[in-house]
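Here's a quick tour for anyone opening this one up for the first time. Have a look at the sequence and the model, then read on.

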Amino acid sequence: MQLTFKGAWTSNEDSIGEFNAMPKATPQNAVFFWEDVYPFDHGQRVRGVPITASGLLRYLQTSPKLVTTRPVSGRIGSLPATVVDVRLSNEGKNEDPHCPTRACAGFLGFPQWTSDWAIAYAQVQRFYLADVEYGGVKHLFVAVIYPDEGSDLKSFAKLGEQLLRTVRMPATAA
């Protein structure tokens with residue numbers, strides 16, 4: 001995968017299944033890129049959910065701890081994607097004793113991660129879900145515009161979307 005950065009960015013993860021990038025001016029905000037993440041709940045992988053854009057979208061939409069916006073069409077570079085904003089439901093219970101807000105809940109996993117991906121109350125994360133194929137194998141490709149504060153989504157989304165437009169990778173839509 002290749003990206004073209006405008007301005008100064010940094011990264012603290014470039015591994016199997018994940019790459020992230022943060023603007024040096026606002027390092028609390030980031031854009032994450034993942035491959036083949038799956039639903040995760042209470043320390044375990046949720047079985048029966050296909051690792052596809054539609055499978056993950058359906059999980060996000062039906063999880064009682066999450067609220068999603070209406071899905072819209074978008075792109076990760078030239079790849080078509082489904083875009084949805086995700087936040088913690090008002091009834092969401094805290095699952096993290098170190099949560100900095102009233103509630104944090106995990107909802108995604110990946111074999112190499114040491115913990116699950118979580119969301120904090122009042123945070124909004126923008127997910128781009130795409131089914132891709134390369135090397136004859138189909139994968140779920142996910143990009144997440146991650147503003148640390150929910151109120152930062154509007155301003156940071158512009159910068160994140162600008163970065164997503166530059167994505168180039170040897171994959172085709174599946």
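## Salt bridges, a sheet and a helix

Let's start with Glu 95, which is partly exposed because its relative accessibility is 33% (buried means under 20% relative accessible area, exposed over 50%, partly exposed in between, with a 1.4 Å probe and protein chains only). A word on the source: this is a predicted model, where local features need pLDDT of at least 70 and side-chain atom pairs count only at pLDDT 80 or more, while totals for chains, interfaces and linings use all residues. Residues are numbered from 1 along each chain as its sequence is written, and side-chain values use heavy atoms, leaving out hydrogens and water.

How many salt bridges does a search of the whole structure find? There are four, a salt bridge being a side-chain nitrogen of Lys or Arg within 4 Å of a carboxyl oxygen of Asp or Glu.

| Pair | Distance |
|---|---|
| Asp 41 and Lys 65 | 2.5 Å |
| Glu 95 and Lys 65 | 2.9 Å |
| Asp 85 and Arg 126 | 2.6 Å |

Asp 41 sits in strand 5 and Lys 65 in the loop between helix 1 and strand 7, 24 residues apart. Asp 85 in strand 9 and Arg 126 in strand 12 are 41 residues apart.

Are Lys 65 and Asp 41 buried or partly exposed? Lys 65 is buried at 11% relative accessibility, whereas Asp 41 is partly exposed at 26%. In the other pair, Asp 85 is buried at 13% and Arg 126 is buried at 17%.

Four strands make an open, antiparallel sheet in the order 6-5-10-11, where two strands pair if DSSP finds at least two bridges between them. Strand 6 (44–45) and strand 11 (117–120) are the edges, each pairing on one side only. Strand 5 (residues 38–41) pairs with strand 10 (residues 104–109) over two bridges, and Tyr 38 is opposite Gly 109 there. On the way to strand 11, strand 10 has four bridges, with Gly 106 partnered by Ala 118. Why is strand 10 largely enclosed by the rest of the structure? Because six of its six residues are buried.

Helix 1 (residues 53–62) lies across strand 5 and strand 10, at about 30 degrees to strand 5. (Axes are lines fitted to C-alpha atoms, for helices over the stretch in contact, and angles run from 0 to 180 degrees between N-to-C directions.) Its buried residues are Ala 53, Gly 55, Leu 56, Leu 57, Tyr 59 and Leu 60. Among the elements covering them are strand 7 (66–68), strand 12 (124–134) and strand 13, contact meaning heavy atoms within 4.5 Å.

Last stop: His 139, in strand 13 (residues 137–146). His 139 is buried, with a relative accessible area of 13%. Its side chain makes a polar contact of 2.6 Å with that of Asp 36 (a pair of N or O atoms within 3.5 Å; within protein, one must be able to donate a hydrogen and the other to accept it, and residues adjacent in sequence count only if both atoms are side-chain atoms). Leaving aside residues up to four places away in sequence, His 139 also touches others, including Glu 35, Ala 130 and Tyr 134.
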